[in-house]
Amino acid sequence: SAHGGQDDARLTAMAIAADRALLAARLLSLDADGVAGGLVIETPLLELTDAELIDLAGDIDAPIGLALREPTEATTSSTPPTTAHAAAASQRHRFARLVAQAGLVGPVAKV
């Protein structure tokens, strides 16, 4: 089913994020001589949906409008557009729609 595919993609994304946190902790532990028990990176928000994260951000008055701002021409003029830039723009627009639906912020200007 379509819903099952979305669940699979979400679980895969969560697994990748958890693996990255584990790998980062292990890498940082190499330089953390004498740290009792090693270094641990906790990911308590990993299982939250986008809507739950936005709701939480609203509850704690996080400056979520900053995440919606488009990069300025000055920060992007020397860098040619890449697939990563397009993916980031797509994520910003998706996030902006979710935030607007939650009624937390209106349109955000470029910085």
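1. Met14 has a relative accessibility of 17% and counts as buried, where buried means under 20% relative accessible area, exposed over 50% and partly exposed in between, using a 1.4 Å probe and protein chains only. Met14 sits in helix H1, residues 2-29; helices (H or I, at least four residues) and strands (E, at least two) are DSSP runs, numbered from the N terminus. Once its neighbours within four places in sequence are left aside, Met14 is in contact with Leu46 and Glu47, contact meaning heavy atoms within 4.5 Å. Met14 and Glu47 are 33 residues apart in sequence, yet their C-alpha atoms are 7.0 Å apart in space.

2. A word on the basis of these values: this is a predicted model, in which local features need pLDDT of at least 70 and side-chain atom pairs count only at pLDDT 80 or more, while totals for chains, interfaces and linings use all residues. Residues are numbered from 1 along each chain as its sequence is written, and side-chain values use heavy atoms, with hydrogens and water left out.

3. Turning to the chain as a whole, five helices and zero strands are found, and the pattern read along the sequence is α-α-α-α-α. Of the 111 residues in the chain, 10% are buried. Among contacts between residues at least 6 apart in sequence, 67% join residues at least 24 apart. The chain exposes about 8,400 Å², with carbon and sulfur atoms supplying 60% of that area; accessible areas come from the Shrake-Rupley method with a 1.4 Å probe, and for residues only the protein chains shown count as cover.

4. The search of the whole structure finds one salt bridge, a term for a side-chain nitrogen of Lys or Arg within 4 Å of a carboxyl oxygen of Asp or Glu. Arg94 forms a salt bridge with Asp50, and their closest N and O atoms are 2.3 Å apart. Because Arg94 lies in helix H5 (residues 83-102) and Asp50 in helix H2, the pair ties together parts that are 44 residues apart in sequence. Arg94 is partly exposed at 30% relative accessibility, and Asp50 is also partly exposed, with a relative accessible area of 29%.

5. On the surface, Glu52, Asp55, Asp59 and Asp61 gather in a patch of negative charge. Patches are made of residues with over 30% relative accessible area and no salt bridge, like charges being joined within 9 Å and nonpolar side chains (Val, Leu, Ile, Met, Phe, Trp, Tyr) within 5 Å. Asp59 belongs to helix H2, residues 50-59, and is exposed, with a relative accessible area of 57%.

6. Asp61, another member of the negative patch, lies in the loop between H2 and helix H3 (65-68) and is exposed, with a relative accessible area of 68%. Most residues other than glycine have a negative phi.

7. Finally, Leu45, Leu53, Leu56 and Ile60 make a nonpolar surface patch of about 330 Å². Leu56, one of these residues, is found in helix H2 and counts as partly exposed at 31% relative accessibility.

How values were computed
Lys, Arg positive; Asp, Glu negative; His and termini not counted. Charge placed at Lys NZ, Arg CZ, Asp CG, Glu CD.
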